[in-house]
Amino acid sequence: MSRTEKRPYNLLVAATGSVAALKIPELTRSLLALNKENQGYYFEVHLIVTEHAKHFFDSEELPPNVVVYDDSTEWQAWKNRGDPVVHIELGKWADLMVIAPLDANTLAKMAQGICDNLLTCTTRAWDMKKPLLLCPAMNTRMWEHPITSKHIATLKEWGHIEVPPISKTLMCGDKGMGAMAEVETIVKKIKSIFDEKA
Ligand SMILES: Cc1cc2nc3c(=O)[nH]c(=O)nc-3n(C[C@H](O)[C@H](O)[C@H](O)COP(=O)(O)O)c2cc1C
């Protein structure tokens, strides 16, 4: 099946300031690798990064066709009335958003409706009919704090989908619950959503 016969789907990946953002190059590569499979659709991938997410990977490690957006993109695009508002345009563009990793800070902001950067403005203006996947990642001590389950429950009540964290030796050396789900698990979940549509 040639690419022109396939249906395009737009994936909006978002990364926050968790050490698991190290895996963003691998995640975006794995998502685009699905385009080589003989399925009836292919993915375009755009990536939103928070300022803290940028500490954990080099944008040169990303596949060349991934378009990256940060807070400065939003304000460079808007100068005058009539100019595009990036967080609205990205929400319209996307068929699915996945926040991987979702750190404790952005989780808390989302649960409270706070929207103070490109990522949280995009989620705050999200069309609730579209899937939004959450891949939490944090140290076990943060994960076990009682506020975490309250925030996750709030987001799930709104219809967002959790890809739960796993227990392993965390990048800080501690062992326990809170590591981001494996890239393979996240990719499989996304694929299953589009396979169902097809
Ligand atoms: C080296 C390092 C690793 C961090 N890893 C995590 C993490 O895995 N999960 C988390 O919730 N916060 C983590 N943090 C804290 C966040 O980076 C911090 O809360 C930051 O304000 C998040 O901003 P953002 O949500 O806008 O990306 C880490 C901080 C540092 C310095």
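The legends below describe close-up views of a predicted model. Local features require pLDDT of at least 70 and side-chain atom pairs pLDDT 80 or more, while totals for chains, interfaces and linings use all residues. Residue numbers start from 1 along each chain as its sequence is written.

View A. Six strands form an open sheet in the order S3-S2-S1-S4-S5-S6, with parallel pairing. Strands (E, at least two residues) and helices (H or I, at least four residues) are DSSP runs numbered from the N terminus, and two strands pair if DSSP finds at least two bridges between them. Strand S3 (67-69) and strand S6 (161-162) each have a single partner strand, so one side of each is left without a neighbour in the sheet. Strand S1 (residues 7-15) and strand S4 (residues 96-102) run parallel and are joined by four bridges; Leu12 has Met97 as its bridge partner in S4.

**View B. Helix H1 on the sheet.** Helix H1 (residues 24-33) lies across S1, strand S2 (41-49) and S4, and runs at about 160° to S2. Axes are lines fitted to C-alpha atoms, for helices over the stretch in contact, with angles from 0 to 180 degrees between N-to-C directions. Contact requires C-beta atoms, placed from the backbone, within 7 Å.

**View C. Surroundings of the ligand.** The ligand is surrounded by 15 residues, and the closest are Gly17, Ser18, Thr50, Asp103 and Ala104; a residue counts as near if its C-beta atom, placed from the backbone, lies within 6 Å. Seven residues of this shell are nonpolar, seven polar and one charged. Helix H4 (residues 104-112) contributes the largest share, three residues.

**View D. Packing of helix H4.** The buried residues of H4 are Ala104, Thr106, Leu107, Lys109 and Met110, where buried means that 20 or more other C-beta atoms lie within 10 Å of the residue's own. These residues pack against S4, helix H5 (118-124), strand S5 (132-136), helix H6 (140-143) and helix H7 (146-157). Gly113 follows H4 and has a positive phi, near 80°.

**View E. Cys135 in the nonpolar core.** The largest nonpolar core has 49 residues, and those with the most contacts inside it are Val13, Ala15, Val98, Ala100 and Cys135. Residues that Cys135 touches, not counting those up to four places away in sequence, include Val98, Ala100, Val163 and Ile186.

**View F. The S7-S8 hairpin.** Strand S7 (residues 166-169) pairs with strand S8 (residues 175-179) in the antiparallel sense over four bridges. Thr169 has Lys175 as its bridge partner in S8. Five residues lie between the strands of this hairpin, in which Gly173 takes a positive phi near 100°.

Notes
Nonpolar A, V, L, I, M, F, W, Y, C, P; charged D, E, K, R; others polar. Contact = placed C-beta atoms within 7 Å. Core = buried A, V, L, I, M, F, W, Y, C linked by C-beta atoms within 7 Å. Buried ≥ 20, exposed ≤ 12 C-beta atoms within 10 Å, placed from the backbone.
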